[in-house]
Amino acid sequence: KSKIKFNFFDLDLIGDINEPMDKEIYLFNEYENKQIQFLIKNIKGSKFEYFIDVGANSGVYSLIINNKFKNIKIKSFEPVKKSINKFIINLKQNPKLKNIKIYKFGLSNKNSSLLMKSQIKDNYIQTGGFGVVTKKDKLYNLHTEKASFRNGDDVLKTKNKKIILKIDTEGHEEFVLKGLKKFLRKNKIFLQIEIYDHHFIKINKFLKKFKFYKIHSLSSDGKIDYFYRNY
């Protein structure tokens, strides 16, 4: 059977053995553990009010943060239907978690419907790695589907708040940030962002304009998560 149950960071989760992320957790109790632990360490003792999860996938980060910090309000953004359904299932597996709101769309720099792509292996569509299609992409042997996106500043209107912002959007991070210019200026933000190597110079320059400075970076699965703050 492909369906599996496992415990990760004190959460009961349901997944699929064909999903690389689920398989890694099920077999090795490992999925961005260093990133999650670093995030938890920086949240402890700080008075954060919100955790904004952009590219939430099946909700692992949102669920862990809600479980560890009951008073933080969670806003999770995910455009892929399969990932949203999985997120909802895992939320139901942990009924004590009450402070999560799931938004069934992604964030970008404009309101739009964008084509997304994902790997297919053994007739299974992988939810991890779903990304927005670019002009350079070759879509042969890939799964594609349309998804809804909204301009971030139209959705997130908080100001003068202390916020954790996590962005993991498989190469779309530049457009997410461009849609959050007001949000970035008006709040104190601790940022975790996955940045593709060939995007780093541009993204780092953009964040510096908004007075963010890099404090740390961690690598896993050939990708790097960077940590910034603007306070």
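Modeller: Helix α2 (residues 33–43) and helix α3 (residues 60–68) have axes that come within 11 Å and cross at roughly 35° (axes are lines fitted to C-alpha atoms, for helices over the stretch in contact; angles run from 0 to 180 degrees between N-to-C directions; helices, H or I of at least four residues, and strands, E of at least two, are DSSP runs numbered from the N terminus). The model is predicted: local features need pLDDT of at least 70, side-chain atom pairs need 80 or more, and totals for chains, interfaces and linings use all residues. Residues are numbered from 1 along each chain as its sequence is written, and side-chain values use heavy atoms, without hydrogens or water.

From α2, Q35, I36, L39, I40 and I43 meet Y61, I64, I65 and K68 of α3 (contact means heavy atoms within 4.5 Å).

α2 also lies across β3 (50–54), β11, β12, β13 and β14 (223–229), at about 150° to β13. Helix α8 (residues 200–209) packs on the sheet too, touching β12, β13 and β14, with its direction at about 10° to that of β14.

The open sheet has seven strands, ordered β5-β4-β3-β11-β12-β14-β13, with mixed pairing (a pair needs at least two DSSP bridges). β5 (100–103) and β13 (213–220) are at the edges with a single partner strand each, so one side of each has no neighbour in the sheet. From one strand to the next, the twist averages 15°.

Within this sheet, β11 pairs with strand β12 (residues 188–194) in the parallel sense over six bridges. I164 stands opposite F190 in β12. L165 lies in β11 (residues 162–167), and its C-alpha atom is 6.2 Å from that of F190, 25 residues away along the chain.
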